[in-house]
Amino acid sequence: MKQRNILIFSALLIVGCAQRPHRASLIVYGGTSAGVAAAVQAARMGETVILVSPDQHLGGLSSSGLGWTDAGRTGAVGGLAREFYRRIYRHYQDETAWRWQRREDFTNVGQGTQAIDDTEGVMWVFEPHAA
C-alpha cells in the first residue's frame with residue numbers, strides 16, 4: 001500500500017512544524033480508526049493528506065486497548081475495515097506473533113463469531129499493539 005501522500009503529526013510535532021508550512025488537499029484531525037481510514041482512502045484517491053493526531057497511538061481504541069471486535073454479521077464488514085482485519089490475520093500467521101500463548105491454545109472464541117476465521121482470512125480478536 002502506498003501511503004506517500006499522508007503526513008502524520010502528533011501534537012508535539014505540530015509545534016515544531018509551525019515554522020514550515022505544509023500543503024495538503026485534505027487535513028484530517030483525529031487519529032481514531034475513522035480518521036486513519038479517511039486519510040488512507042483519500043490518499044488512495046490521489047489526494048495529499050495530513051493526518052493530525054493529538055493522541056499517543058494512531059487507531060483509537062483498536063490500537064490502544066480494545067482488541068475484541070463485536071463483529072456480529074461479519075459479512076457486513078467490508079472496505080478498509082475488512083482489509084484491516086485481514087492484515088491482522090496475516091500478522092498472526094507468523095508464529096513469532098504468538099508471544100503469550102501458542103495459536104493451538106487460543107480458544108478462537110469471539111462474541112457471536114469465531115475470533116479467527118481461516119476461511120475468510122480475518123481475525124476479529126487481537127492484541128492492540130498488533131493494530
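**Close-up views of a predicted model**

**View 1. Helix α2 spans residues 33-44.** Its twelve residues reach 16 Å from the first C-alpha to the last, close to the 16 Å expected at 1.5 Å a residue. The structure shown here and in the other views is a predicted model. Buried residues in α2 are Gly-35, Ala-39, Val-40, Ala-42 and Ala-43. These residues lie on the same side of α2, because they cover an arc of only 165° around the axis. An α-helix has 3.6 residues a turn, so residues three or four places apart point the same way. Just after α2, Gly-46 takes a positive phi of about 95°.

**View 2. Strands β2 and β3 run parallel.** Strand β2 covers residues 26-29 and strand β3 covers residues 49-53, with four bridges joining them. Opposite Leu-51 in β3 stands Val-28. Between the two strands the chain passes through α2, and this β-α-β crossover is right-handed.

**View 3. The largest nonpolar core has 16 residues.** The residues with the most contacts inside this core are Tyr-85, Ile-88, Tyr-92, Trp-98, Phe-106, Ile-116 and Met-123. Two or more residues come from each of α4 (79-91) and β5 (122-123). Helix α4 gives the most, with three residues. Apart from this core lies another, of six residues, including Ala-39, Ala-43, Val-49 and Leu-51. In soluble globular proteins, nonpolar side chains tend to be buried together.

**View 4. Tyr-92 and its contacts.** Tyr-92 is among the core residues with the most contacts inside the largest core. With neighbours within four places in sequence left aside, Tyr-92 is in contact with Ala-97, Trp-98, Arg-103, Met-123, Phe-126, Glu-127 and Ala-130. Of these, Trp-98 and Met-123 are also listed among the residues with the most contacts inside that core.

**View 5. Ser-62 sits in helix α3.** This helix covers residues 61-64. Is Ser-62 buried or exposed? Ser-62 is buried, because its relative accessible area is 18% and the cut-off for buried is under 20%. Leaving aside neighbours within four places in sequence, Ser-62 is in contact with Ser-33, Phe-84, Phe-126, Pro-128 and Ala-131.

**View 6. The whole chain has four helices and five strands.** From the N terminus on, the elements run β-α-β-α-β-α-α-β-β. The chain has 131 residues, of which 36% count as buried. Among contacts in the chain with a separation of 6 or more, 63% are between residues 24 or more positions apart.

Note on methods
Residues are numbered from 1 along each chain as its sequence is written. This is a predicted model: local features need pLDDT of at least 70, side-chain atom pairs count only at pLDDT 80 or more; totals for chains, interfaces and linings use all residues. Side-chain values use heavy atoms; hydrogens and water are left out. A nonpolar core is a set of buried Ala, Val, Leu, Ile, Met, Phe, Trp, Tyr and Cys residues joined through side-chain atoms within 4.5 Å. Buried means under 20% relative accessible area, exposed over 50%, partly exposed in between (1.4 Å probe, protein chains only). Contact means heavy atoms within 4.5 Å. The expected span of a helix is 1.5 Å times one less than its number of residues. The arc is that of the directions from the helix axis to the C-beta atoms. Two strands pair if DSSP finds at least two bridges between them. A crossover is right-handed if, with the strands pointing away from the viewer, the path from the first strand over the helix to the second runs clockwise.
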